[in-house]
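Please consider the sequence and model shown here. The briefing that comes after them is arranged by topic.

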Amino acid sequence: DETAASDSLTIEHPLQPFSRAYFGPERPELSSYATEWHQVHTGPTVTHTANPAQAEDEMDAPIPTLGDLTQLLKQPWRVYLGRHLGVAPRTDIRLPEDDEPFALDPLGESQLSARLLDQVRSRLARAPVETLTSERLEELLPDWIEAAFDRLAGTGQLPLAPFDEGVRREHAAPLARQLSTWAAFQARYPDLMPAIDIADRLTPDAGNDQDATLAGQIDDIRVGEDQVVRLRLLSGALHKGKDLKWHRLVGEWPTHLAAQLSGHAVTTYLISESDAQRDSLLERPIAMEPVEPAVARDLLTALVGWWHQARCQPLPAEARTQIAWLIARLSGKDDHKRRSAARGAFDNASQYDADLSRLWPEFEALGTHPDFEAVADALYRPLLSGTRGEHRKALATEALATEALATEGMDTEGMDTEGEA
């Protein structure tokens, strides 16, 4: 009858999302994707050992990769939350896919730069490198960039016309200049070296434990007549005024160090929208300079050690915050100004990463940690020393001040000796 037919076609769902009916075997037609309620009714799917140290005695410690070291420098709190606690990253609330903006916020600008770069770069990659002369690129790039804008506009990722005209103007010229620089570097360094395995190059010393081992490959080292390089094409700008956006750079440092173990002095060029329009090609991008292989090996081994520490306990580190503190210290500013610069950087960083506040809800929790300064020097000071930029003036000032103090100490020691005589 009609009632029986209706009953067979109708499923009554409990109103409460935590109802036991969704999770028990009694009603198999019901299901739920709410993981948190699955764990309440069926128990957690992941069990944690009460003593992590004991667990690691029973199995080998994990071997980090270059990607893990990148995460250590960019988001050290994620190493602990993900590796030790098994906590998934928090995601921000997103606009519906059909929402059409009239303007772009800073995050939207950054996402637009990345999408534009991906689309035009893929078109650029299909053309033979030897045909991409500066004159040819000047002719082709405007059409390729305009086509990429039109595709993004068609998916609702640009402000509605005519409000998109300003966005197109602001991004088109810097992107064209960036890709012209990229093509010129590829033509100057046309040959790719064979991929190198880092595990073979970073060999632990005799008596060292598993923590000194690192996994990963590098397959983007290029060779030209004058030097050996890595070319990294990064979306958006890497400068804000004269200052570098260090949180965009830190992730490149571990692979740059590992490249020094290739048997060549490798320079890493970071090619972005903020590259200056200079006559010399090599002065346009930000560059990470070659590091002595022995020094690079020591720095990588130290980063591996910090990574193992970070996965076992929260590491007092945040790139924006500690680099701002380091630069203020290198510039000779007093402790109050150092803390003020670091606090502003922390407040800015916490806006873009919801997980940061899980371990460090405010700057004082991070900045007053007894290891804050030591971790800043260990993780980020080598990066400052190895990267070209305005901050190098502060490094030179600190070096002169240190030398002056050392000389003064030697003079004082000599005076004491003469007095005793």
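Predicted model: local features only at pLDDT ≥ 70, side-chain atom pairs only at ≥ 80, totals over all residues.

Residues are numbered from 1 along each chain as its sequence is written, and side-chain values use heavy atoms, with hydrogens and water left out.

**Helix α6**
- Helix α6 covers residues 106-125, and its end C-alpha atoms are 28 Å apart, in agreement with the 28 Å that its 20 residues should span at 1.5 Å a residue.
- Its buried residues (under 20% relative accessible area, 1.4 Å probe, protein chains only) are G108, L112, S113, L116, L117, V120 and L124.
- These residues cover an arc of only 165° around the axis, so they lie on the same side of α6.
- D118 and A125, on the other side of α6, are exposed (over 50% relative accessible area).
- The buried residues of α6 pack against α7 (134-154), α8 (165-188) and β5 (228-233).

**Helices α4 and α5**
- The axes of α4 (residues 66-74) and α5 (residues 76-84) come within 5 Å and cross at roughly 120°.
- The contact (heavy atoms within 4.5 Å) involves D68, Q71, L72, L73 and K74 of α4, together with P76, W77, R78, V79 and R83 of α5.

**Residue T387**
- T387 is placed in the loop between α18 (381-386) and α19 (392-420).
- T387 is buried, its relative accessible area being 0%.
- T387 and M288 are 99 residues apart in sequence, yet 4.5 Å apart in space, C-alpha to C-alpha.

Technical notes:
Helix = DSSP H or I, 4+ residues; strand = E, 2+ residues; numbered from the N terminus. Expected span 1.5 Å × (residues − 1). Arc of directions from axis to C-beta. Axes fitted to C-alpha atoms, helices over the stretch in contact; angles between N-to-C directions.
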